[in-house]
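Please look over the sequence and the structure first.

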Amino acid sequence: MKGIKILLLTSLIVFLSACGVNNDTPMEAAKTFMKSLVEGDLELNTEVNHSDVLSYPPFHMIDIANDRNFVGKSLGDFTFAESDDPKVILVTWEEEGETKEWKLKFNQEKEGYFFVDKD
């Protein structure tokens, strides 16, 4: 019985620590957004993606990640930098010998920062 209680408590702790999106700053939100792409995690992308439903819906972003072979990469394969606009994070990576870049825009809501646009 004691073993079952410990197992349930451990499971609860793991579950609670996995919940939520790390998006207190635009940089954290950008890393969470890109994490959702490299992991092909539609649920995580849905949590951090508040873009216009016709522009960059989560399922479309996961499709883009698959097309660009992001899925299976690590966050270390990407460089994150702040831009002149504090709500825009520059994400760069190497693709076929070229440096590629996305400008990811995040808007602040009361729960944190959320992806709204890319360039």
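## Strands and hairpins

The model is predicted. A hairpin of 5 residues connects strand 1 to strand 2. Strand 1 covers residues 79-82 and runs antiparallel to strand 2, with 4 bridges between them. Within this pairing, Ala81 has Leu90 of strand 2 as its bridge partner.

Strand 2 also pairs with strand 3, residues 98-109. The sense is again antiparallel, here over 8 bridges. Val91 has Trp102 of strand 3 as its bridge partner.

Strand 2 spans residues 88-95 and is mostly covered. Of its 8 residues, 6 are buried.

## Aromatic pairs

The structure contains 8 aromatic pairs. One of them joins Phe70 and Trp102 in an edge-to-face arrangement. Their centres are 5.4 Å apart, with 70° between the planes. This pair brings together distant parts of the chain, 32 residues apart. Phe70 lies in the loop between helix 4 and strand 1, and Trp102 lies in strand 3.

Are the two partners buried or exposed? Phe70 has a relative accessible area of 0%, so it counts as buried. Trp102 has 2% relative accessibility; the cut-off for buried is under 20%, so Trp102 is buried as well.

Trp102 has a further ring partner, Trp93. The Trp93 and Trp102 pair is edge-to-face too, at 5.4 Å centre to centre and 80° between the planes. Both Trp93 and Trp102 are buried.

Elsewhere, ring pairs connect Phe33, Tyr56, Phe106 and Phe115 as a cluster.

## Ile62 in helix 4

Ile62 belongs to helix 4, which covers residues 58-67. Its relative accessible area is 10%; buried means under 20%, so Ile62 is buried.

Which residues does Ile62 contact, leaving aside neighbours within four places in sequence? They are Ser36, Leu37, Gly40, Asp41, Leu42 and Asn45. Glu39 lies 23 residues from Ile62 along the chain. The C-alpha atoms of Ile62 and Glu39 are separated by 9.1 Å.

## Summary

Strand 2 pairs in the antiparallel sense with strand 1 and with strand 3. Trp102 of strand 3 is the bridge partner of Val91, and its ring pairs with Phe70 and with Trp93. In helix 4, Ile62 is buried.

Methods:
Residues are numbered from 1 along each chain as its sequence is written. This is a predicted model: local features need pLDDT of at least 70, side-chain atom pairs count only at pLDDT 80 or more; totals for chains, interfaces and linings use all residues. Side-chain values use heavy atoms; hydrogens and water are left out. Buried means under 20% relative accessible area, exposed over 50%, partly exposed in between (1.4 Å probe, protein chains only). Helices (H or I, at least four residues) and strands (E, at least two) are DSSP runs, numbered from the N terminus. Two strands pair if DSSP finds at least two bridges between them. Rings of Phe, Tyr and Trp (its six-membered ring) pair if their centres lie within 6.5 Å; planes under 30 degrees apart count as stacked, over 60 as edge-to-face and the rest as tilted. Contact means heavy atoms within 4.5 Å.
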